Amino acid sequence: MARITAGVATSHVPAIGAAIDLGKTKDAYWQPVFAGYDWSRQWIAGEKPDVVILVYNDHASAFDMKIIPTFAIGCAESFKPADEGWGPRPVPTVEGHPDLAWHIAQSCILDEFDMTIINEMEVDHGLTVPLSLLFGQPDAWPVKVIPLAVNVVTYPPPSGNRCWLLGEAIRRAVESFPGDLKVQVWGTGGMSHQLQGPRAGLINAEWDNRFLDMMSQDSQRLRSIPHIEYLRETGSEGIEMVMWLIMRGALGSEVRQLHRHYHVPASNTAVGHLVLEPVA
Amino acid sequence: MSHLDIHSYLAAFDDIPGTRVYTVARARKGYWINQFAMSLMKPENRARWKADETAYLEGWNLDDDQKAAILARDYNRLLDLGGNIYFLAKIFSTDGLSFLQAVSTMTGMSVEDYQAMMLAGGRSPNGVRSIKEGN
């Protein structure tokens, strides 16, 4: 039986990708950002997951304004890094897991989650920066990846509760897959940041840390945080944190926090990172 | 979960100081700003845009206000006219600006002051949560 063995949450700031690609991770500015991932890189090298279901948002790369899917699952054999305006990141092509991806797509639709199925797609920093943070700069990614793109750009994005419930449906789908796979779910984006308007640069470390606490304690309360609270308290782009709730919902009612990291700033953004494991 | 009223859901967004939430109303108004910006993902389009910005804009269904704001790189105005920051990023990336550099231009601060604010922990949410509440 395939099973979900762990969840990872991490910000996916594009400047982090640029710092890795340009060899700046030891610079004074970047060192404290990356130091918080040392533990996780060792941990994942030991864990050796077969597949990561990577929840992220596309930043006007694969999707323009023509089509705006709320939840889209990548079922392709592979996904190339997107050219986001300065050439594609120099990272390996992302290998998919079409058997599991299609199984999840079908299962979720039967479970009343009307997924959009993507057969050809390029993936942007939202997906590749988390991979770089956890795996460094390998010649090939040591894991298959199922991209799960969530609309958090055009309002309304899905509610936190809807994200949580999708996570639960993904868990049911994974557990009904006939194959012995170690699957992780990653929720990416956040934490507080605002990239637009006169209020840009907003950071709310207190709120962010409460959110990090609640991911492993009192997590049911996360489900009812309304969009307006993310917007007011964590900046207009802090809404990305609803994607963490897909991961959290997939882990079941109780989790253990294995690792936690928080740092301000990376560019305009507060970086948050968690490694969680389900408690059986 | 109780059902949210869409009108009060949307109205609350206008109560956040210094913020333009990318609602459907903005998305409809700014459709061609964002689609124009998206076209700069392709190297050949970037080259044409750099060679003659005004001529390149003629190829898109933009009004004069929108064209002027694009040419002036007036990002706050572009947000008002329906631009979305991730699409507008294609314009400032083509100009060679980072997110931090471009974002600072919307705050009325110099890049240096903005960067210093971020290094010191960012902008506090105190006083900028709600116009009505003043908190």
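Visitor: What are the ground rules here?
Guide: This is a predicted model, where local features need pLDDT of at least 70, side-chain atom pairs count only at pLDDT 80 or more, and totals for chains, interfaces and linings use all residues. Residues are numbered from 1 along each chain as its sequence is written, chains are lettered from A and ligands numbered from 1 in the order in which they are written, and side-chain values use heavy atoms, with hydrogens and water left out.

Visitor: What ipTM and pTM does the complex get?
Guide: The predictor gives an ipTM of 0.95. The pTM is 0.97.

Visitor: And what pLDDT does chain B average?
Guide: Chain B averages 96, on a per-residue confidence scale from 0 to 100. In chain B, 99% of the residues score at least 70.

Visitor: Why care about that score?
Guide: Where pLDDT is low, the predicted coordinates should not be read in detail.

Visitor: How many helices and strands does chain B have?
Guide: Ten helices and zero strands. Both are DSSP runs numbered from the N terminus: helices are H or I with at least four residues, strands are E with at least two.

Visitor: What box do the C-alpha atoms of chain B fill?
Guide: Roughly 50 × 40 × 25 Å, along the principal axes.

Visitor: What share of chain B is buried?
Guide: Buried residues make up 49% of its 135 residues. Buried means under 20% relative accessible area, exposed means over 50%, and partly exposed is in between (1.4 Å probe, protein chains only).

Visitor: Which domain does UniProt list for chain B?
Guide: The unreviewed UniProt entry lists residues 33-118 as "domain: Extradiol ring-cleavage dioxygenase LigAB LigA subunit". Positions follow the numbering used here, feature names are shortened, and annotations may be inferred rather than shown by experiment. In the model, that span is 70% helix and 0% strand. Its end C-alpha atoms lie 29 Å apart.

Visitor: On to chain A. Why is strand 1 largely enclosed?
Guide: Seven of the eight residues of strand 1 (residues 3-10) are buried, so the rest of the structure largely encloses it.

Visitor: Which strands does strand 1 of chain A join?
Guide: Seven bridges join it to strand 8 (residues 182-188), running parallel. Four bridges join it to strand 10 (residues 269-278), running antiparallel. Strands pair if DSSP finds at least two bridges between them. A:Thr10 stands opposite A:Thr188 in strand 8, and A:Val8 has A:Val275 in strand 10 as its bridge partner.

Visitor: What does A:Lys182 touch?
Guide: A:Lys182 lies in strand 8. Beyond neighbours within four places in sequence, A:Lys182 is in contact with A:Arg3, A:Glu47 and A:Asp50, among others. Contact means heavy atoms within 4.5 Å. At 23% relative accessibility, A:Lys182 counts as partly exposed.

Visitor: And where is A:His193?
Guide: In the loop between strand 8 and helix 7 of chain A. A:His193 is buried, at 4% relative accessibility. Leaving aside neighbours within four places in sequence, its contacts include A:Glu237, A:Glu240, A:Asn268 and B:Tyr86.

Visitor: What covers helix 8 of chain A?
Guide: Cover for its buried residues includes helix 7 (205-216) and helix 9 (244-250) of chain A, together with helix 1 (6-13) of chain B. Just after helix 8, A:Gly235 takes a positive phi of about 90 degrees.

Visitor: Last one. Which residues touch the most other members of the largest nonpolar core?
Guide: A:Ile104 and A:Phe211, in a core of 99 residues. Helix 8 (residues 85-94) of chain B gives the most to this core, with seven residues. A nonpolar core is a set of buried Ala, Val, Leu, Ile, Met, Phe, Trp, Tyr and Cys residues joined through side-chain atoms within 4.5 Å. Another core, of 38 residues, lies apart from it and includes A:Ile20 and A:Val143.

Key. pLDDT is the predictor's confidence in each residue, from 0 to 100.
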